[in-house]
Every structure is written in C-alpha cells, then in structure tokens.
Amino acid sequence: MGAVTEFIKGLRVTGGTMLRTIAGEGPVTIEYPKEKRQKPQRFHGRHVLNRYPDGMEKCIGCELCAGACPANCIYVRGMDNDPDNPTSPGERFGFVYEINMLRCIFCALCVEACPTEAITMTHLFEMSTTNREDAIYTRETLLMDEKGGVPHMFPDDELADMDELAVADGWVRATAPSGVAAYQGVKMWQGTPGPADWAPEPDQSELDVLSAAEDNDG
Ligand code: SF4
Ligand code: SF4
C-alpha cells in the first residue's frame, strides 16, 4: 500500500511539473554547460591578479592577502623592483604568487585585505583538474596580460567562457576604506585594462562633493 501511495505522489509531482511547463512557468533547469546562469555580482569565483592601465602590476608583494587567508592557501614572495624597469609602482612586487584552489574556501578575505586591489575574484567557477598540481594557480595563471586578458586553465575548451573572467566580484565596491561612510555604494576600483574596464576610484575632491551632498540630504 505504501509503495502505491509513493507512486501516486510521484505521478502528482510529474504531472504538476508538466502542467507548469505547459503554462509557460518552466522548465526550471537550464542546459548547462551550453547555457549559464547569470551570477550575482558578489559571486566569488577564481581569482585574478590585476594590472594598472599602464601595464604595471598592482601587487606589491606585501603578503597581507596571505596573512588574512583563513585557509592558509596563498603563498607570496616579494622582490625589490628594478628601479630602471619596475614591475609595480611600489618598492616591491610579488614575484611568486600561488593559490592552492583545493584549500580555498572562496571567502574573499584576501580581496578585502589587499591594499592595492591587486587580487580580485571573477565569476569563473569551472576549475576542475585531473591532478592536484594543476589546482595550484601560479602567478602566470593568475596575472592578467597587459590588455586585461587572463590566462585560462583550459584554453582549448570550447566552452571556456572568458567573459566570466572579466566580471569582478563586488566585494570591494560595497566596503568603505577606513570606514568612511561617503564611500558607501561608490565604485571603489582602481583603473584596470581589459574587458572589465573598471573606472578609477574617485579622488578626494570628488569624495568631498559626495560628503557634502550626503550632508545636504541629511
Ligand atoms: S578566497 Fe579566502 S580562502 Fe581563498 S585565497 Fe582568498 S582568503 Fe584564502
Ligand atoms: S595581492 Fe595584494 S595583499 Fe597580496 S601580496 Fe599582492 S598587494 Fe599584497
């Protein structure tokens, strides 16, 4: 008797779904991987190491991201810049940068800790590998090229969606440096080349205008 009841319940679920589909309310599934869902702005996917629009690397090798990482999966080593041919605008640059994606919990604390917005996260989540070594993303894999492109782990994959590498997570935008309320909701990215083309953050004079506007509103 119990089996018959369960069978009837199953038929009801199937019939209900069919009726919803006929009524234009379905299907609720999509044909992944041919089709991909729009992800929320703050979706935390694989990381990318950014450059300034002039091609300089943003990473200054300070290791704050590694210190903030709760999973202890970032390894950074800084090196002094060559004064005649600097890699970053700082004294040093990150000449070794590795993230062990098998340990990463995609919390974005590294993004928050970074003082130069060098490390950010994209919307790309397709990172399966057939061996552990490939799950350790090196500087070569993470660093964008001078036009803003990011090396893909699987460049021959027809389904590799480069657009997902161009979408940065919104974590930094929502937080305020030093807790200054005037930054709330203000785009906080520094300029970056490439498809994302993030506008530079406003300078202090613009922030003063924002503060004044906020005061007036209050
Ligand atoms: S997202 Fe979190 S766990 Fe992953 S590297 Fe950054 S700080 Fe570490
Ligand atoms: S990514 Fe940011 S926090 Fe990490 S070493 Fe580079 S500059 Fe420092």
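This passage describes the fold of a predicted protein model, its confidence, and two of its residues. Residues are numbered from 1 along each chain as its sequence is written, and the model counts local features only at pLDDT of at least 70 and side-chain atom pairs only at pLDDT 80 or more, while totals for chains, interfaces and linings use all residues. Side-chain values use heavy atoms, with hydrogens and water left out.

The average pLDDT (the predictor's confidence in each residue, from 0 to 100) is 79, and 68% of the residues score at least 70. Residues 173-177 fall below 50, yet this stretch has 14 contacts (heavy atoms within 4.5 Å) beyond near neighbours in sequence.

The protein has seven helices and five strands, taken as DSSP runs numbered from the N terminus (helices: H or I, at least four residues; strands: E, at least two). Along the sequence they follow the pattern α-β-α-β-β-α-β-β-α-α-α-α. Of the 218 residues, 36% are buried (under 20% relative accessible area; exposed is over 50%, partly exposed in between; 1.4 Å probe, protein chains only).

Where does one meet a buried residue? His 47, in strand β1 (residues 47-49), counts as buried, at 2% relative accessibility. Not counting residues up to four places away in sequence, His 47 touches Ile 99, Met 101, Cys 104, Phe 106, Cys 110, Ile 119, Thr 120, Met 121 and Leu 142.

Conventions. Chains lettered and ligands numbered in written order.
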